[in-house]
Amino acid sequence: MTPVPGRSRTTAVITGLAVVLALAIIAGVGLGAVPISPAEVVGAVGRAIAGEGSALSDAVVMELRLPRVLLAALVGAALALAGVLYQALFRNPLADPYILGVSSGAGLGATLAMYALGSSYALRAIGVPAGAFVGAGLTMLLVVRLASRRGRIDPTSLLLAGMAVSYILSALTSFVLVFDRESMTSVVFWMMGGLQNRSWEHVGTLTAMLAIGSVVPALYHRELDLMLLGDERAGQLGVSVERFKMVVLASASLVVAGAVSVSGLIGFVGLMTPHMVRLALGPRHRLLLPASVLAGAIVLVVADLLARIVLAPVEIPVGIVTALAGGPFFLWILLRKERAR
Amino acid sequence: MSGRALGFRDASLGYGERAVVTGASFAVAPGEFVGLVGPNGAGKSTLLRAITGNATVTAGDITWGDVSLVRMPERERARLVGVVPQTQAASFAFTARAYVEMGRHAHLGRLADPGPADSAIVDDVMARTDTARLADEAADELSGGDLQRLTLAQALAQQPRVLLLDEPTSHLDLNHALQVLELVRSLTDDGMAVLGVFHDLGLAARYADRISIVAGGGVTPPAPPAEALDAQVVSDVFGVRAVVRTDPVTGSVAVTPVVRGADLAPAVAGPAIGLVCGSGTGAGIMRQLALAGHPLYAGALNRGDVDQAVAEAVGAEIEPLPAFGQIGEAEAARVREGYGRCACVVVCPTPFGGANLPNLEAALSSGRPLVLVGGMDAGRDFTGGAARRLWEAALAGGAVRVDTEAEVTGAVERLIRMEA
C-alpha cells in the first residue's frame with residue numbers, strides 16, 4: 001500500500017545484481033590463459049589503488065584483463081539501457097539498438113570519423129565517439145520517419161525499417177573500408193563486436209557517455225512508465241511527449257554510440273536483458289532501469305568470458321556469442337507474440 | 001477560481017489541416033455535466049481530444065477561464081483536466097494500483113516518489129470506482145469494464161477540475177454503467193465540470209444537465225435534454241424515427257427508436273391504411289406497415305398515448321386529442337371521414353372504453369373493409385358490451401380476422417389487391 005515495501009524490494013534486487021556483477025567481474029578477470037585466483041584479483045586491484053602493485057600477475061590484471069572486463073560490463077550496461085528506452089518509447093518488446101539499425105548507424109559514423117581524422121590519437125578519442133553519436137542519432141530519426149504513418153509508428157514497420165537501414169549502413173561501412181585496406185582487418189573485427197586490446201581510455205570514454213546518457217532516464221523514470229500507456233494517454237497524464245521522446249532518443253543514441261565506438265556491433269544484449277528483467281520484475285522503470293543496466297553488464301561480462309575460453313587460445317568476437325544466444329531468443333519472443341494474437 | 005469554466009470559443013477542430021468540427025462555441029461551468037451526442041464520425045471525440053492537444057485547433061481557442069488550454073504545458077493541464085478515453089490499451093503488466101497511481105504524475109515533484117497523501121488519494125478513487133479489490137491484479141489482464149473503471153480512477157487521481165468522458169460506459173454492464181454515471185454526477189455536485197460523449201441518448205438525457213448535438217460539422221449550444229432531444233432532432237441527426245417521451249420511472253427523457261428512416265420502403269402510392277389503436281397496441285403494427293411503405297391514418301389519439309408518439313415517429317396522420325380528452329362529435333365525424341379515405345382499416349387489439357369507442361364506431365360506419373386483430377374477450381371490453389356488439393357486427397359484415405400482428409401486413413395487402 002505504501003511505497004516502502006517497493007523501495008526495500010528495489011534495494012534487495014539491486015544489491016543482489018550488484019553482487020552477481022562483482023562475482024562475474026572477478027571470474028572474468030581471473031579466468032584466461034593464466035588463471036588468477038579470486039583472492040589475487042582482489043589483491044591486485046587493492047594494491048593498484050594503493051599504488052604499490054608490481055608483480056607480473058598484477059600487471060596482467062590491471063593492464064590486460066580488468067579494463068577489458070570492465071569495458072564488457074559498461075558496454076552491456078549501455079546496450080541494456082538503450083534497449084529499455086527503445087522498448088518503452090516504441091512500446092515494442094523487440095526494439096533494441098541493433099535491430100533498430102542504431103548500432104549500424106553509430107558504426108558507420110565511427111568508421112567515417114576514423115577515416116576522416118587519420119591517426120591522430122587525441123582527435124580519434126573524441127572524434128570517433130562523436131561520429132558514432134551523430135550516426136546513431138541520424139539513423140534513429142531516419143528509421144522513425146520510415147516507420148511512421150500519419151504520426152503513428154507501426155511496430156512491424158519499425159523493425160523492418162530498422163533492419164533494412166541496418167543492412168544498408170553496414171554495407172556502406174564495408175564500402176568505406178575498401179579505401180583503407182590497412183586497418184580493414186582490425187575494423188572488421190571491431191564491426192563483429194570485440195573487446196580485444198581495449199585500454200583504460202576506452203573505459204573512461206564509455207563511462208562518461210554512459211553517465212551522461214543515464215541522467216534523463218534516471219530522472220524521468222515515471223515518464224517512461226507513462227509512455228507504455230501510449231503517446232496520447234501519456235500526454236493526457238502530463239508528459240510533454242514529443243520533447244520527451246527527443247531527449248530519450250538522444251540519450252539512447254549517446255550510450256549506443258559509446259558502446260559501439262569502443263566495442264563495435266554487439267547485438268541482442270539490449271533486446272534480451274530488458275525483456276528478461278521485465279518478465280521477472282515487472283514494467284516499472286524505477287526498478288527496471290537499474291536492474292537492466294546491471295543485468296546487461298553481467299550478461300556481457302559472461303558472454304565475453306565465454307568468447308575467450310570456449311575455443312582458447314582462439315578468441316571468438318563477443319558479438320558472435322551474443323548473436324548465437326540472442327537470435328533464437330528474438331525468434332522466441334516473436335513466436336510467442338504471434339501465438340498470443 | 002470558482003468563476004472559471006471550460007470554454008470553446010468559436011473553435012474549429014480537426015486533424016492536421018482538415019477541420020472536423022467548425023465554430024464550436026459553448027461553455028461547461030463547474031458543477032455542470034454537458035453531454036455530447038451525435039452520429040458516428042461527427043466529431044464528438046474530436047471535441048474532447050482537442051482539449052488535451054490530441055486533435056488540432058485550427059481556429060478559435062479552448063480555454064479554462066481566460067487561459068488557453070491548447071497552449072498550456074502538459075503537466076499543468078494534467079492537473080486541471082482528466083480524461084477517460086474510449087479505449088485504453090493496457091500493455092505491459094502494471095498492477096491496477098500502479099496504473100491508477102500514474103494519475104498522480106503531474107502532481108509529483110521530479111525526484112519525489114508518491115507519498116502517503118498520494119496513496120490516500122489513490123485508495124479513495126479506487127474505492128469510489130469500485131476497483132479497490134483489483135489493486136494487485138495485472139492491469140493488462142482485466143476485463144474491458146474493469147479497465148474502463150480503472151482508467152476513470154486514474155483520471156480522478158489527477159484531481160482534475162474538468163473531467164472529459166469519451167463514452168465512459170461503453171464497456172460497462174448496466175450496474176456499473178449506472179454506478180459510474182452516478183459517481184460522475186456526484187463529482188459535479190462537488191464542483192467538477194464534466195463534458196461527456198454518449199452513444200446512448202437515454203443515458204445522456206438522464207445524467208447530463210445539458211446536451212449538445214454534434215452533427216454536420218457543427219455543435220448545437222447545450223440545452224436541457226427535453227429541449228435538445230425531440231423526435232425531429234433524432235430523425236434529422238440519426239436518421240431514426242423514434243418515440244421521445246418522458247420516462248415515467250426516471251422522469252428523464254427516454255428515446256425509443258422505432259425504425260431507421262433508411263429502412264422505410266418507398267411510399268406505396270394509393271390510399272392510406274387506417275388503424276384503430278391506442279395504448280401501444282398499434283405500435284408494432286404501425287412499424288410493420290410503415291416499413292412496408294404504406295401511408296397510415298391512426299384515428300383519434302390522445303397526446304401522451306404511446307401510439308400517438310409512434311404515429312408521429314412513423315409519420316402517420318391522426319386526429320390529435322389533448323391528454324385524457326374525449327372524442328367529441330366533431331372529432332368522430334372527422335375520423336369517420338378519415339377512415340373512409342383509407343383502403344382498409346385495421347382494428348388493433350386495443351382495449352375499448354367510452355373514450356375511444358368512437359374510433360371503432362367510425363371504422364365500422366366508414367364502410368371500408370376491416371381487418372380485426374386477435375379476439376374480443378372480456379379483458380378488452382370496458383364498454384358494457386358495446387365494443388363486443390360492434391366487433392360481432394364487423395365479423396358479420398365480412399371483416400377479415402387475423403390472430404397475430406405478424407399476419408396484418410399480409411392481410412392488408414391481400415385486401416388492397418382484391419380492391420384493385
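A: In this predicted model, helix 1 of chain B, which covers residues 44–51, is mostly covered, with 8 of its 8 residues buried. The buried residues are K44(B), S45(B), T46(B), L47(B), L48(B), R49(B), A50(B) and I51(B). Here a residue counts as buried if 20 or more other C-beta atoms lie within 10 Å of its own. Just after helix 1 of chain B comes G53(B), whose phi is positive, at about 80°.

The domain assignment of chain B gives domain 1 as residues 6–231 and domain 2 as residues 264–419. Taken over C-alpha atoms, the centres of domain 1 and domain 2 of chain B are separated by 49 Å.

Chain B also contains an open sheet of 6 strands, with parallel pairing and the order 15-14-13-16-17-18. Strand 15 (317–321) and strand 18 (400–402) of chain B are its edge strands, each pairing on one side only. On average, neighbouring strands of this sheet are turned by 20° against each other, direction ignored.

Within the sheet, strand 13 (residues 273–276) of chain B pairs with strand 14 (residues 296–302) of chain B in the parallel sense, over 2 bridges. I273(B) has L296(B), in strand 14 of chain B, as its bridge partner.

Helix 15 of chain B, formed by residues 408–419, lies across strand 13, strand 16 (344–347), strand 17 (370–373) and strand 18 of chain B. Relative to strand 17 of chain B, helix 15 of chain B runs at about 165°.

Notes: Residues are numbered from 1 along each chain as its sequence is written. Chains are lettered from A and ligands numbered from 1 in the order in which they are written. This is a predicted model: local features need pLDDT of at least 70, side-chain atom pairs count only at pLDDT 80 or more; totals for chains, interfaces and linings use all residues. A residue is buried if 20 or more other C-beta atoms lie within 10 Å of its own, exposed if 12 or fewer, and partly exposed in between; C-beta atoms are placed from the backbone. Helices (H or I, at least four residues) and strands (E, at least two) are DSSP runs, numbered from the N terminus. Two strands pair if DSSP finds at least two bridges between them. Axes are lines fitted to C-alpha atoms, for helices over the stretch in contact, and angles run from 0 to 180 degrees between N-to-C directions. Two residues are in contact if their C-beta atoms, placed from the backbone, lie within 7 Å. Domain bounds come from an automatic or database domain assignment.
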